[in-house]
Amino acid sequence: MISRKKAQKTQKTGLLFVFFYAFLRLSVLLAFFGVIFGAAKKESAPLDFAAISYYNDHCARCHGPDGVNYDLKHLAQSSDEKLSQVIELMAENQGQAPLEARQIAAQMAYHRSFMDGQPFVILSRAKTENGQLQLSGEVTPESQVQICLEEKRYPAQVEDQNWSITLPAPTDWKQVTIEVTKGNTKTELKAGEGFSHQK
Amino acid sequence: MKSLYFLPTLLLGASFCAADETPPVTLDAIPKVFSQALPPLEKFNGKTGDKVPAFAVRPGYQVTLAADGLTEARFMVFDDKGTLYLSQPDKKKGISALMDKDGDGVYETKTQFVSNMQAAHGVDFYDGWLWFATATGAHKARDTNGDGVADETIGLIAEGTLPRSGHWWKGLCVTPDGFYLSIGDSGDHDDNFATEREKIWLYSLDGKTRKLWASGIRNTEKMRLRPGTKELWGSDHGTDNIGKDWGESKEKGQPFTDAGPPEEFNHYVEGAFYGHPFVEGNRVPRPDYLNRPDIIDLAARTTPPAWSFGAHWAGNGWTFLTKDYFPNASGDVFVAFHGSANSSAKAGYRIERLMFDALTGRPYGSQLIVSTLGANGQQLDRPVDCVEAPDGTILFSCDSGRIFRISKAN
């Protein structure tokens, strides 16, 4: 026979277990949707990481400038998960400069630009001051950068992998589009997304 | 009085009792061992010349600066006139020709021997030509008017033919029987068994035909024949992160990866298999392939290394010594170790002498000659290749774009 006290305790433990189980299920469900929505949502802030400079300093010695030593067909066969793992490991080991999650995402995007044969572009800084908007970032060298704002186009200055421009400030800088051309290839970046070639 | 006879017995018994009471050894009582720690270098007081970082140099040797300002300095070879060729796998570069006209050990003149050749790498000199491999092809070039710039270049393997990506650094060794060319792994330990990768090929001297020489290699960046023989030798890099599957992490540390697998120095025999990516070092299966049904068969067919160096040391270039300049060193090898990227503490970063037994022609020991790590373990430079100069001194190239010269201490 189980005493009443003991039975109450068992009941309490059982209830706790049910709550805990429900919480666990809910967390898994939330995490699942988090992953789905997170993956679908593109970044919405300037990228405070010079992905091209990082690549030049830590990767280009072996992989060549702009990934010229990669076998792009081989690279394209890698799943996003595998690419992300390899970039993380290579950055930490061979690159000797570990990367954080958003920086890895930016490197993945830069690598997608190699596979797509398109110029890569980053918006690193957006600042409104005295009615003017200052934008700057990185771009695949030897590209032309134009800023599209209210049906007007403004050519940006490009030096090596850096671009910059000062414009009359719009009401919302996130409405600006950055258009990059290199030869007959083109990339468009909505300023609010931070960097191109995100999935 | 009689009881005194029992005293030793009692004491002995007491000591046994004390032993019984000693607690068993616990894991916490055993200190963690850093397998990659440098040996004590206090006695490494060999001289370093002007503009040479504070390398630790074995007594009896000295290190001086031979050349500077050579970005992307990689592999080196001398021709029969004493010109030193250096590959620089940068798009705008190619291969430089350097000369030490006054014989003072400083290479004061430089010409651009081959230009606009992306990813020039393995070099060798044979029959009046500078032979070189790029990431995806192979060529030979020569200078017929003596201006230090190649005016004749012949393609042997067309650019774009060989697989790039991953370990694209093609090693090259030219012999009267043809040229050997190594093609490395597409990744760290990819299964490339059924492809042309992870193999050494023997090409006809015109580059038109090839046959498989050896397989199961990972990344052999330089091959040479042992002087006076047809034996092909090379240094092969081991894999990274072997302990990942066993649960290694940043928090737990990486004791498996820090100590293994070894870097291999191999004698590449025709038809032989060197185990990669399935079996490493002295026939130890890589964990990723442990469950292959043919793992024992693969091990049985694996030729173990002729010599093993420390894990992740990254032996890139090396040279046999053929002259009598350094005492009792003819027939030995000097290896340039680029240094680790995958161990907790920096390992490698050195020039190591591998001693060969004159009777058996096999390695029997190795010793540190120059460490390019500083007193606090910081990286002073990363050696890439070693070459024997016509005067018997040894040159080694480094990532910093410098070439250093090892000579006997005065």
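In this predicted model, strand S3 of chain A, residues 144–149, pairs in the antiparallel sense with strand S4 of chain A, residues 152–155, over four bridges. The two strands S3(A) and S4(A) form a hairpin that leaves two residues between them, and within that turn Glu150(A) has a positive phi of about 50 degrees. Across the pairing, Cys148(A) stands opposite Arg153(A), which belongs to S4(A).

From this hairpin we can turn to the interface between the chains. The size of an interface is often given as the accessible area lost when the parts come together. Counted by residues in contact, the interface brings 23 residues of chain B against 12 residues of chain A.

The polar side of this interface can be described pair by pair. Between chain B and chain A there are eight residue pairs in polar contact, counting those with both residues at pLDDT 80 or more, and the side of chain B that touches chain A comprises, by class, 10 charged, eight polar and five nonpolar residues. Which side chains meet in a salt bridge? The count between the two chains is one salt bridge, and in it the side chain of Arg61(A) meets that of Asp399(B), at 3.7 Å from N to O.

Note on methods: Residues are numbered from 1 along each chain as its sequence is written. Chains are lettered from A and ligands numbered from 1 in the order in which they are written. This is a predicted model: local features need pLDDT of at least 70, side-chain atom pairs count only at pLDDT 80 or more; totals for chains, interfaces and linings use all residues. Side-chain values use heavy atoms; hydrogens and water are left out. Contact means heavy atoms within 4.5 Å. A salt bridge is a side-chain nitrogen of Lys or Arg within 4 Å of a carboxyl oxygen of Asp or Glu. A polar contact is a pair of N or O atoms within 3.5 Å; within protein, one must be able to donate a hydrogen and the other to accept it, and residues adjacent in sequence count only if both atoms are side-chain atoms. Ala, Val, Leu, Ile, Met, Phe, Trp, Tyr, Cys and Pro count as nonpolar, Asp, Glu, Lys and Arg as charged, and the others, Gly among them, as polar. Two strands pair if DSSP finds at least two bridges between them.
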